[in-house]
Amino acid sequence: ILGDSLLDHYIEDGEYYIDINGNTLIGNSLFELNCGYITLTGEHDNIQTWFRVYNEYGELLFLKEFKKVINMSISANGEFASFFDGDILQVLDLDRLQFNSFNRSIMFAVNNLGIPVFMGQDCKIYFQEKIFVINENVRAVLFHNEIPLLITEHSIYNIESNMQMIHTFAGEIFEAKIIENSLHIVIKNNSNYKLFKFNKHRSLEQIDEVDFDNSLSRVHEPIYAPLNYGEEDFPFPIGN
């Protein structure tokens, strides 16, 4: 989230650049920190990627190439960065510019102390020295007010010292996110979607609802293959 930052990006002599707040940074993806920036240079999030850390004045502090940088995220306090590098979960202390490595995982979150909660290849949940077994499809792991939560298809679990269910839903959990320090949950029932917000006492407040029934009756004209545009033998309908 870049707030009121002045941002521009461009390519010059084959290199990607980002101009922000009077600084020129190398990269084509940008993450703003409390006192600086992280940029990534790569065409996609699953190929060789250059990882750079800049201070608030645009001075390069750290540079390293990784095989992959997947699911890049920043801790709530902006002091730790985490991502999956194709082999292991990497957590970078942005103050010391030192990495800690953890088991292979593409589903993870990191708290304000740089401690991750993550799902391993064995589909077990790891947090500090504890391992939790879950027999449900996991949708997300995240921290809410520094408490690790496990989000499954229908339930939310607290997983600090043990695994405790704190809420379950009749519908399917479609998405879970922390927005402005509040946990938001989208529940899906067929074509109906409801957005809930947890308050401090873990009670639910519904704040939005959308029904997509009317979209099922919509049709569109087929899109034809560009090289044979207009020829009926070469239909190219929109897939997703």
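**View 1. Strands β6 and β7 pair in the antiparallel sense over six bridges.** Strand β7 spans residues 60-66, and strands are DSSP runs of E with at least two residues, numbered from the N terminus. Two strands are taken as paired if DSSP finds at least two bridges between them. Within this pairing, W50 stands opposite E65 of β7. The two strands form a hairpin with four residues between them, and G58 in the turn has a positive phi of about 80 degrees. The model is predicted: local features need pLDDT of at least 70, side-chain atom pairs count only at pLDDT 80 or more, and totals for chains, interfaces and linings use all residues. Residues are numbered from 1 along each chain as its sequence is written, and side-chain values use heavy atoms, with hydrogens and water left out.

**View 2. Strand β6 (residues 49-55) is mostly covered.** Six of the seven residues of β6 are buried, that is, under 20% relative accessible area with a 1.4 Å probe and protein chains only. Strand β5 (residues 36-41) is joined to β6 by six bridges, and the two run antiparallel. I38 has V53 of β6 as its bridge partner.

**View 3. Four strands form an open sheet in the order β8-β9-β10-β11.** The pairing is antiparallel. At the edges lie β8 (70-74) and β11 (98-102), each of which pairs on one side only. Neighbouring strands of the sheet are turned by 15 degrees against each other on average, direction ignored; the axes are lines fitted to C-alpha atoms, and angles run from 0 to 180 degrees between N-to-C directions. Strand β10 (residues 89-93) is joined to β11 by five bridges, with Q90 opposite S101.

**View 4. H184 lies in strand β21 (residues 182-189).** H184 counts as buried because its relative accessibility is 11%. The side chain of H184 reaches the backbone oxygen of S182 at 3.1 Å. Leaving aside neighbours within four places in sequence, H184 is in contact (heavy atoms within 4.5 Å) with E175, A176, K177, I179, L195, F196, K197 and I207.

**View 5. The largest pocket is lined by 39 residues.** Of these, S73, I74, S75, A76 and I178 lie nearest its centre. A pocket is an open set of points on a 1 Å grid over the protein atoms alone, where a 1.4 Å probe fits, with protein on both sides within 12 Å along at least five of seven lines; lining residues have an atom within 4 Å of a point. Strand β16 (138-144) is among those supplying at least two lining residues, and β16 gives the most, with six.

Notes:
Buried means under 20% relative accessible area, exposed over 50%, partly exposed in between (1.4 Å probe, protein chains only). A polar contact is a pair of N or O atoms within 3.5 Å; within protein, one must be able to donate a hydrogen and the other to accept it, and residues adjacent in sequence count only if both atoms are side-chain atoms.
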